[in-house]
Amino acid sequence: VAGNSCSDPTLERHFKGHKGAVTSVDFSCNMKQIATGSVDSCVMIWNMKPQMRAYRFEGHKDAVTSVQFSPSGHMVASASRDKTVRLWVPSIKADSTEFRAHTAAVRCVNFSDDGQTLVTASNDKTIKVWTVHRQKFLFSFNQHANWVRCAKFSPDDRLIVSCSDDKTIKLWDKNSKECIQSFFEHAGYANHVDFHPSGTCIAAASTDSSVKLWDIRTNKMLQHYQVHSGAVNSLSFHPAGNFLITTSSDSTVKILDLLEGKLLYTLHGHQSSVTCVAFSRTGDYFSSGGADEQVMVWKSNFDCIKHCNGVKVQKKGTSTVRPPTSSSMAPFPLNSDPSVLHCQVSTDSNALEHIIGQLDILTQTVSILEQRLTLTEDKLKECLENQVEIGLHLQREEAK
């Protein structure tokens, strides 16, 4: 770890169980589970309680490229090179439904904030939007000219951001179904894109080893970081919006202070390329995965101070982080609207989340039952056809 104060991030846990590079990682909303995907075609659910065993979900026929928990935490979506997306119940039973999402490898899957829709990105150059219930196809975006690496919903679910090997990052309006803005990469292409929690900015991790942030209201580049010495593979915003974590093929994880526009920490934990990273829903922890087949869980050690008007993030033993007066980086425009800073959850919203979670499970169960019913109907049809054939055969025999 570069820097050595009491507020340095600390490695809390590490998990090993995948038999290939880890490609994707995500926390459940209650911090009890972590989902990972891997080149070994498996999805794994790691339980944060030390005595609880991990679940290995087998079903995909090729590398798993992306995993994400539903907002309620009662479902995990996985995308794969086998052209399918699966929805899993993250329990020992490993119930899942599968749907053929694209005509080529699926690179990314992402839930909308309300948990009702999914967006998928693929090597078939398209982005598709689906309902979670019954996995009904809604519409697609077809304007990329090469593989689409990543697609994410905005926090308010109105927009979708995507990045492609065609060296563009595109913003799409979900309602009008049109591309409303294109940002161009010149040296490399973006591996990963995401929205800032305020919904006003996007960040892109590029193969040219840079990290760029754009304001989507003015379409201007806000910040440009050249801190890695290899391709940047993944990034994740702290929920309060003040920090950004990036991972790279240079084997490091870096933490950027967006308010000061500078590199804060460099973490050396993985033995080779670091492929994915995600903050927990509160920002207290983050997890990274790499080509070394390891999953690491780090404690952020940022003090999250709650105020009635939102959230401030403080480093221990120092004053509140503020943009410096003379900085080569543009000051970062943060939305002070407390509705985008999810640090306090009321009991009402806990109850609501529980109800949504139960509905998720019911939806999943109904979907599985529908699949089984279809199989039974097909078998029954087959039996009836066989009976008719046998009847006809017997009639012909008797006629002789």
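**Figure 1. The hairpin of β18 and β19 in the predicted model.** Strands β18 and β19 form a hairpin with 5 residues between them, and Gly-199 in the turn has a positive phi of about 80°. The two strands pair in the antiparallel sense over 5 bridges; pairing requires that DSSP finds at least two bridges between two strands. Asp-194 has Ala-203 of β19 as its bridge partner. Strands (E, at least two residues) and helices (H or I, at least four) are DSSP runs, numbered from the N terminus. This is a predicted model, in which local features need pLDDT of at least 70 and side-chain atom pairs count only at pLDDT 80 or more, while totals for chains, interfaces and linings use all residues. Residues are numbered from 1 along each chain as its sequence is written, and side-chain values use heavy atoms, with hydrogens and water left out.

Figure 2. Because 6 of the 6 residues of β19 (residues 201–206) are buried, the strand is largely enclosed by the rest of the structure. Buried means under 20% relative accessible area, exposed over 50%, and partly exposed in between (1.4 Å probe, protein chains only). In a regular strand the side chains alternate between the two faces of the sheet. On one side of β19 lie Cys-201, Ala-203 and Ala-205, and on the other Ile-202, Ala-204 and Ser-206, all of them buried. Strands β19 and β20 pair in the antiparallel sense over 5 bridges, with Leu-213 of β20 as the bridge partner of Ala-203. The hairpin of β19 and β20 has 4 residues between the strands, and Ser-209 in its turn has a positive phi of about 70°.

Figure 3. Lys-212 lies in strand β20 (residues 211–215) and Glu-185 in the loop between β17 (178–184) and β18 (190–195), so the pair ties together parts that are 27 residues apart in sequence. Arg-281 forms a salt bridge with Asp-26, the closest N and O atoms being 3.4 Å apart. Since Arg-281 lies in the loop between β26 (274–279) and β27 (285–290) and Asp-26 in strand β2 (residues 22–27), this pair ties together parts that are 255 residues apart in sequence. Arg-281 counts as partly exposed at 29% relative accessibility, whereas Asp-26 counts as buried at 8%.

Figure 4. Strand β23 (residues 243–248) is mostly covered, with 6 of its 6 residues buried. Phe-243, Ile-245 and Thr-247 point one way, and Leu-244, Thr-246 and Ser-248 the other. With β22 (residues 232–237), β23 pairs in the antiparallel sense over 5 bridges, and Val-232 stands opposite Ser-248. The hairpin of β22 and β23 has 5 residues between the strands, and Gly-241 takes a positive phi near 90°. Strand β24 (residues 253–257) also pairs with β23 in the antiparallel sense over 5 bridges; there, Ile-255 is the bridge partner of Ile-245. In the hairpin of β23 and β24, with 4 residues between the strands, Ser-251 in the turn has a positive phi of about 75°.

How values were computed
Salt bridge = Lys/Arg side-chain N within 4 Å of Asp/Glu carboxyl O.
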